Amino acid sequence: MYGKRFLFGRLKQDLGLLGFLACLFIILVLGFAAEEREQTESLVMFLVLFAPILFCAYRMHALAYTLAAFQTLVYTIYKLYQWSAYGSSITYISYLWILIPLAIVSALSLFSHEVEQAEVENELLRQQVEELVVIEPLTGLYNQRGLYTELERQMAYAKRNHTKLVLLEMRLKYKDELKRILTTRQFNHLRQTMARLVEDALRMEDRLYAIDQEGTLAILLNTDLAGAAVVERRLKERLMEKGAFQSVSERALIVETKVGCVEYAPDKIANALDFLRQVENELQYDV
């Protein structure tokens with residue numbers, strides 16, 4: 001079904017482009033076939049026609065049709081006046097110029113409409129793909145969408161089995177300063193290095209997530225707050241080790257982080273979003 005709609009859309013797009021080119025070819029032929037007086041009229045009509053074509057190209061179709069219709073009306077009144085006042089003959093060139101403005105705008109509108117439809121469908125497809133993606137491409141870790149999915153599952157498991165669950169979030173303390181002194185490539189490398197160092201310092205059962213493009217990491221721990229404090233201290237020490245980020249930049253980098261963590265309590269945390277929001281509130285106290 002989608003294939004047929006796509007082919008039909010491409011056919012209309014091709015017909016629109018073909019109609020636009022055919023109109024331009026007819027205008028060119030009229031310019032050579034017309035007599036001197038009609039050549040001047042054809043040139044003026046062609047130059048005026050640029051306005052509706054331009055508006056149509058910018059997808060202002062209503063304005064383009066209005067200008068084309070107004071151009072046709074003015075030209076028709078002018079030719080009728082010439083015929084009634086001076087007896088000037090109305091040739092086939094005049095009849096064609098009555099049709100060309102609306103014809104060329106219609107053809108260009110058909111072409112641009114199908115292009116616009118294709119862009120809308122591509123954008124919707126891109127959004128759908130993004131909604132399915134749970135991997136953060138730079139670090140290879142699960143992203144925030146993956147965190148929400150796993151968090152809901154772990155919260156349900158902890159509530160049913162009365163087990164401990166802590167969500168820990170680690171954020172760069174001087175992110176803006178780091179982004180000023182580092183290039184985009186270096187900052188991305190810093191994010192990768194930070195994720196690798198944290199992952200190496202965690203236990204196999206701990207789950208690590210890269211939840212934004214600023215280096216923020218979230219960690220799910222099956223422990224209580226006391227155990228999370230031990231993990232927090234170990235992670236900070238690992239990131240502060242001399243030469244930990246030596247590969248990122250020639251200058252010595254000190255990467256400090258803010259950490260917030262909250263233990264899951266079924267009576268205080270409604271859902272995964274609320275859980276993450278409470279952890280982010282805790283981050284404000286780590287200065």
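Contact, in this briefing, means heavy atoms within 4.5 Å. The model described here is predicted: local features need pLDDT of at least 70, side-chain atom pairs count only at pLDDT 80 or more, and totals for chains, interfaces and linings use all residues. Residues are numbered from 1 along each chain as its sequence is written, and side-chain values use heavy atoms, with hydrogens and water left out. Helices (H or I, at least four residues) and strands (E, at least two) are DSSP runs, numbered from the N terminus.

**The sheet and its helices**

- Helix H5 lies across E1, E2 and E3 and runs at about 145° to E2; axes are lines fitted to C-alpha atoms, for helices over the stretch in contact, and angles run from 0 to 180 degrees between N-to-C directions.
- Helix H8 also packs on the sheet, where it touches E1, E3 and E4, and its direction makes about 165° with that of E4.
- The sheet is open and has 4 strands in the order E2-E3-E1-E4, with antiparallel pairing; two strands pair if DSSP finds at least two bridges between them.
- Strand E2 (207-210) and E4 are the edge strands, each pairing on one side only.
- From one strand to the next, the twist averages 20°.
- E2 and strand E3 (residues 217-221) run antiparallel and are joined by 4 bridges.
- Leu208 has Ile219 as its bridge partner in E3.

**Salt bridges**

- Side chains of opposite charge can pair when their charged atoms come close.
- The model has 15 salt bridges, each defined as a side-chain nitrogen of Lys or Arg within 4 Å of a carboxyl oxygen of Asp or Glu.
- One of them links Lys164 and Glu263, with the closest N and O atoms 3.3 Å apart.
- Lys164 lies in the loop between helix H5 (144-161) and strand E1 (166-172), and Glu263 in strand E4 (residues 257-263), so this pair ties together parts that are 99 residues apart in sequence.
- Lys164 is partly exposed at 46% relative accessibility, as is Glu263 with a relative accessible area of 21%; buried means under 20% relative accessible area, exposed over 50%, and partly exposed in between (1.4 Å probe, protein chains only).
- Lys173 and Glu256 form a salt bridge at 3.9 Å, N to O.
- Lys173 is in the loop between E1 and helix H6 (175-181), whereas Glu256 is in the loop between helix H8 (225-239) and E4, so the pair ties together parts 83 residues apart in sequence.
- Lys173 is partly exposed at 23%, and Glu256 is partly exposed at 30%.
- A salt bridge of 2.9 Å, N to O, joins the side chains of Arg203 and Asp206; Arg203 is partly exposed, at 35%, whereas Asp206 is buried, at 8% relative accessibility.

**Leucines at the surface**

- Leu11, Leu15, Leu18 and Leu110 form a nonpolar surface patch with about 360 Å² of accessible area together.
- Patches are made of residues with over 30% relative accessible area and no salt bridge; like charges are joined within 9 Å, and nonpolar side chains (Val, Leu, Ile, Met, Phe, Trp, Tyr) within 5 Å.
- Accessible areas come from the Shrake-Rupley method with a 1.4 Å probe, and for residues only the protein chains shown count as cover.
- Helix H1 (residues 2-33) gives the most to this patch, with 3 residues.
- Leu18 lies in helix H1 and is exposed, at 55% relative accessibility.
- Leu80, in helix H3 (residues 61-86), is partly exposed at 44% relative accessibility.
- Between Leu80 and Ala218 there are 77 Å in space, C-alpha to C-alpha, and the two are 138 residues apart in sequence.
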